[in-house]
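This report describes a structure shown below.

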Amino acid sequence: MNFAEHLMTLRRQRGWSQEELGNQVGVTRQTVSKWEMGQSTPELEKLVELSRLFGMSIDQLVGLEAVGGRPDPWEVPEKPSRACVGGILYEYISPVKVFGLPLIHVRFGYGPRLAKGIIAIGNCAVGVVALGSCSLGLLSFGGLSLGLLFALGGVSFGLAALGGLAVGGFAVGGCAVGQWLAIGGGAFSNYLAVGGGAWSTGLAIGGSAFGHVAVGTNEASGAFPYLQQYGYHIEDVWYAVKSEFPHMWGWVKGVIQWALG
């Protein structure tokens with residue numbers, strides 16, 4: 001069996017498409033197609049990748065040496081995975097697919113190796129649920145995290161974001177920037193900001209508060225400033241807040257009470 005036929009057989013035994021095989025060795029589907037049609041052959045680096053992926057020597061892969069004891073197709077593990085000595089790479093790809101993506105894809109190693117799946121875990125991960133040093137998903141968790149609904153990470157961006165630096169519709173973090181709500185050491189928001197330093201075009205509550213309505217323990221500046229030392233009553237302040245912002249969340253009243261002492 002020549003290399004082209006052998007490669008096609010190995011791929012089909014594992015239930016992989018040409019695109020899936022290409023993703024695992026860093027080439028396009030068209031390149032894999034050319035290999036299997038005998039129109040081109042892989043360079044040495046890709047041959048090494050393929051030999052590691054299929055667990056055989058390069059000589060066995062290209063047909064120069066017989067493969068001893070190679071399992072029949074039904075004996076090939078259902079859940080393809082690979083690992084390289086020294087922790088350089090570990091990969092697991094679930095055989096179950098949803099919308100063409102593996103249900104679970106785990107991929108770790110040196111360099112920007114990308115895990116893509118419904119649940120993706122790796123150095124860099126892209127999925128509905130993504131966990132990685134750098135992650136992108138509907139729900140995202142990582143050092144650098146971008147989530148369409150929720151993001152948790154050192155630096156996070158999402159509709160709801162939690163992290164050292166958090167940017168989102170609702171943001172909580174050391175430095176928080178939120179469209180509707182921001183809570184953090186430094187908080188910036190169009191609607192409500194709560195923090196050591198709070199800046200808002202709406203309501204700001206904090207040590208130093210700057211907003212249309214500002215409630216501060218040390219400093220307050222805005223159209224309606226309320227400073228702790230002047231002994232404002234919570235009901236008076238809350239009346240002003242609800243007058244300016246009728247839809248302000250009820251729990252905010254407790255935060256104002258805390259700020260007024």
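## Overall surface and composition

The protein chain exposes about 13,100 Å², of which carbon and sulfur atoms supply 63%; accessible areas come from the Shrake-Rupley method with a 1.4 Å probe, and for residues only the protein chains shown count as cover. This is a predicted model, in which local features need pLDDT of at least 70 and side-chain atom pairs count only at pLDDT 80 or more, while totals for chains, interfaces and linings use all residues. Residues are numbered from 1 along each chain as its sequence is written, and side-chain values use heavy atoms, with hydrogens and water left out.

The secondary structure of the protein chain consists of 7 helices and 11 strands; both are DSSP runs numbered from the N terminus, helices being H or I of at least four residues and strands E of at least two. Of the 261 residues, 44% count as buried (buried is under 20% relative accessible area, exposed over 50%, partly exposed in between, with a 1.4 Å probe and protein chains only). Of the contacts between residues at least 6 apart in sequence, 19% join residues at least 24 apart, where contact means heavy atoms within 4.5 Å.

## Nonpolar surface patch

Val-128, Leu-138, Leu-139, Leu-148, Leu-149, Leu-159, Phe-170 and Trp-180 make a nonpolar surface patch of about 660 Å². Patches are made of residues with over 30% relative accessible area and no salt bridge; like charges are joined within 9 Å, and nonpolar side chains (Val, Leu, Ile, Met, Phe, Trp, Tyr) within 5 Å. Strands S6 (114-141) and S7 (144-189) each supply at least two residues of the patch, and the largest share, 5 residues, comes from S7. Leu-159 is found in S7 and counts as partly exposed because its relative accessibility is 38%.

In helix H7 (residues 252-260), the buried residues are Val-252, Val-255, Ile-256, Ala-259 and Leu-260. They are on the same side of H7 because they cover an arc of only 135° around the axis, the arc being that of the directions from the helix axis to the C-beta atoms. These buried residues pack against strands S8 (192-200), S9 (203-210) and S10 (213-221) and against helix H6 (234-244). Leaving aside neighbours within four places in sequence, Ile-256 is in contact with Leu-203, Ile-205, Val-215, Ile-234, Val-237, Trp-238 and Val-241. Just after H7, Gly-261 has a positive phi of about 80°.

## Helix H2

Helix H2 (residues 18-25) is mostly covered, with 6 of its 8 residues buried: Gln-18, Glu-20, Leu-21, Gly-22, Gln-24 and Val-25.

## Salt bridges

A search of the whole structure finds 3 salt bridges, each defined as a side-chain nitrogen of Lys or Arg within 4 Å of a carboxyl oxygen of Asp or Glu. The side chains of Arg-11 and Glu-36 meet at 2.5 Å, N to O. Arg-11 lies in helix H1 and Glu-36 in helix H3 (residues 29-37), so this pair ties together parts 25 residues apart in sequence. Both Arg-11 and Glu-36 are buried.

Glu-20 forms a salt bridge with Lys-97, the closest N and O atoms being 2.7 Å apart. Glu-20 lies in helix H2 and Lys-97 in strand S3 (residues 97-98), so parts 77 residues apart in sequence are tied together. Glu-20 is buried at a relative accessible area of 19%, whereas Lys-97 is partly exposed at 34% relative accessibility. The side chains of Lys-253 and Glu-235 meet in a salt bridge at 3.0 Å, N to O. This pair links Lys-253 in helix H7 with Glu-235 in helix H6, 18 residues apart.
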